[in-house]
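Colleague: I am new to this structure, and I would like to understand the words used for it. Could you show it to me, and then take my questions one at a time?

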Amino acid sequence: CADTNTNIRLTLPVVCFVWQIAMIILFGVFIRYDEESDTHWVETKAHDNITSDIENDFYFRYPSFQDVHVMIFVGFGFLMTFLKRYSFGAVGFNFLIASFGLQWALLMQGWFHSLDPQTGKIFIGVESLINADFCVAGCLIAYGAVLGKVSPVQLLVMTLFGVTLFAVEEYIILNLLHARDAGGSMVIHTFGGYYGLTISWVLYRPNLHQSKRMQGSVYHSDIFAMIGTLFLWMFWPSFNSAITDHGDGQHRAVINTYLCLASTVLTTVAISSLSQKTGKLDMVHIQNSTLAGGVALGTAAEFMISPYGALIVGFFCGIISTMGYIFISPFLEKTLKIQDTCGIHNLHAMPGVIGGIVGAITAAAASESVYGKQGLINTFDFTGDFKDRTVLTQGGYQAAGMCVSIVFGVVGGAIVGSILKLPIWGDPADENCFDDEVYWEVSEPATHHLLFIIQPLGGAIVFDLVSRDELQTTFEIFI
């Protein structure tokens with residue numbers, strides 16, 4: 001309703017201050033530097049007979065971390081600036097979500113993956129930072145489904161629960177099921193996609209058409225969104241390879257993702273052109289579907305999928321994702337009541353499922369003749385408790401991992417959506433969605449312009465001030 005209270009002067013500062021203080025306390029209790037970032041690294045080098053600092057994991061991982069970090073803050077942020085009046089919210093709230101989420105992720109992932117049972121401490125290094133960014137990516141994907149329709153307080157609550165759910169499903173998929181998912185097709189994209197879609201479904205707004213005038217893009221907003229696309233597209237090979245094994249695994253993941261993305265662009269352009277009677281391209285497709293190949297190859301990026309296999313995955317992803325924007329998004333909104341602002345179903349959820357399927361098939365089809373005996377062990381980490389696992393069994397667990405990510409996304413999204421539906425969060429009214437002015441101080445350009453009118457009689461020149469909206473042309477000449 002129109003009288004919805006969107007004043008967050010109390011709730012937002014309280015949440016930010018209380019949660020940040022909580023982070024400081026929890027970090028003080030649990031978080032410590034790992035051995036490669038601690039000052040005792042000098043002693044560690046001497047003890048382990050390491051002759052050079054180049055062996056420090058920083059030098060392997062930091063370039064990838066930089067790329068992933070840029071994707072999170074610049075790529076995702078600018079990708080969502082396509083709305084004509086919601087650029088501050090797209091970039092600014094993306095900044096807020098990521099900054100809180102990465103802190104909470106270091107704790108949650110640390111408790112599940114790297115808690116030292118003897119000291120009760122979490123030891124973090126550069127790989128921990130990459131994994132925290134991955135976790136945040138899942139929440140930013142979910143944000144895309146509710147973009148412009150929720151308050152920043154709701155987004156922080158959504159991130160708190162999203163990071164928590166992510167850490168649990170990640171632990172189940174990667175540790176208990178021992179599935180491989182280096183680029184996060186399942187863990188990040190499938191979970192984040194269905195988490196956001198389910199929340200959007202629970203928060204369905206039957207009168208959202210009242211904000212229809214604000215839901216489109218303008219020329220410059222689409223250009224800004226394309227900046228986000230290009231950053232994501234260029235750095236996606238780093239995203240898929242950032243935590244893979246040093247050497248051949250990382251090298252292969254970069255090559256496969258690089259080729260897959262290139263293939264996706266061509267089929268996206270082809271389907272976009274075919275979908276219009278005039279053959280013109282739709283910028284929505286170019287901004288989003290061109291990235292779908294990177295999502296779909298996340299699981300199998302480090303596998304021996306072969307270069308032509310990567311091109312095949314990209315070929316079909318461009319088609320499927322673009323068709324999703326043309327046919328599936330309208331169906332979801334009209335029939336299933338899912339209002340997906342950014343179309344995350346077509347860019348993340350659906351390609352994420354495709355990635356899980358590709359990963360399961362590729363793992364099940366792996367052979368010693370292709371990988372080599374030691375290569376098979378290294379790629380799928382068939383060591384310790386999993387040393388007797390076969391590739392067919394691995395393929396089954398890969399498929400099970402995909403199912404786990406969907407269940408966590410849907411069930412978790414339904415619960416969190418119900419919490420966010422409570423009328424206490426300061427969310428905008430139906431007629432005020434997709435507008436920065438609800439939560440931001442927006443500086444307008446000069447509201448008046450000089451209008452020069454040459455009168456038809458006597459040649460007198462009249463100067464008048466008119467509002468920007470009333471001004472049609474700078475000069476009106478009457479002869």
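Colleague: Why does Ile320 count as partly exposed?

Modeller: Please keep in mind that this is a predicted model. Ile320 has a relative accessibility of 34%, and since buried means under 20% and exposed means over 50%, this residue falls in between and therefore counts as partly exposed.

Colleague: Where does Ile320 sit, and what makes the nonpolar surface patch?

Modeller: Ile320 belongs to helix α12, which covers residues 307-334, and together with Tyr308, Ile312, Phe315 and Phe316 it makes a nonpolar surface patch of about 510 Å². A residue needs over 30% relative accessible area to be part of a patch, and Ile320, at 34%, therefore passes that cut-off.

Colleague: How do you know that the radius of gyration of the protein chain agrees with a compact globule?

Modeller: For 479 residues, a compact globule would have a radius of gyration near 23 Å, and the protein chain has 25 Å, which agrees. Along its principal axes, the C-alpha trace spans about 95 × 55 × 45 Å. The chain contains 16 helices and 5 strands, and 49% of its 479 residues count as buried.

Colleague: What makes the link between Glu437 and Arg85 a salt bridge?

Modeller: The closest N and O atoms of Glu437 and Arg85 are 2.9 Å apart, and because a salt bridge requires a side-chain nitrogen of Lys or Arg within 4 Å of a carboxyl oxygen of Asp or Glu, the pair qualifies.

Colleague: Are Glu437 and Arg85 buried, exposed or in between, and how do you know?

Modeller: Glu437 has a relative accessibility of 46% and Arg85 has a relative accessible area of 25%.

Colleague: Why are Asp248 and Arg252 separated by about one helical turn?

Modeller: Asp248 and Arg252 are 4 residues apart in helix α9 (residues 248-274), so about one helical turn separates them. Their side chains meet in a salt bridge, at 3.0 Å from N to O. Arg252 has a relative accessible area of 15% and is buried, because the limit for that word is under 20%.

Colleague: Which other salt bridges can you point to?

Modeller: The structure holds 10 salt bridges, among them the one in which the side chains of Asp388 and Lys387 meet at 3.5 Å, N to O; both of these residues are exposed. Asp57, Arg61 and Glu127 are linked in a network of salt bridges.

Colleague: Why is Ser64 called buried, and what is it in contact with?

Modeller: Ser64, found in helix α3, has a relative accessible area of 9%, and because buried means under 20%, the word applies. Leaving aside neighbours within four places in sequence, Ser64 is in contact with Ser238, Ala242 and Gln250.

Colleague: Which residues does UniProt list for a domain?

Modeller: An unreviewed UniProt entry lists residues 57-438 as "domain: Ammonium transporter AmtB-like". Over residues 57-438 the chain is 70% helix and 1% strand, with the end C-alpha atoms 45 Å apart.

Methods
Residues are numbered from 1 along each chain as its sequence is written. This is a predicted model: local features need pLDDT of at least 70, side-chain atom pairs count only at pLDDT 80 or more; totals for chains, interfaces and linings use all residues. Side-chain values use heavy atoms; hydrogens and water are left out. Patches are made of residues with over 30% relative accessible area and no salt bridge: like charges are joined within 9 Å, nonpolar side chains (Val, Leu, Ile, Met, Phe, Trp, Tyr) within 5 Å. Accessible areas come from the Shrake-Rupley method with a 1.4 Å probe; for residues, only the protein chains shown count as cover. Helices (H or I, at least four residues) and strands (E, at least two) are DSSP runs, numbered from the N terminus. Buried means under 20% relative accessible area, exposed over 50%, partly exposed in between (1.4 Å probe, protein chains only). The radius of gyration is taken over C-alpha atoms; the globule rule is 2.2 Å times the number of residues to the power 0.38. UniProt positions are given in the numbering used here, feature names are shortened, and annotations may be inferred rather than shown by experiment. Contact means heavy atoms within 4.5 Å.
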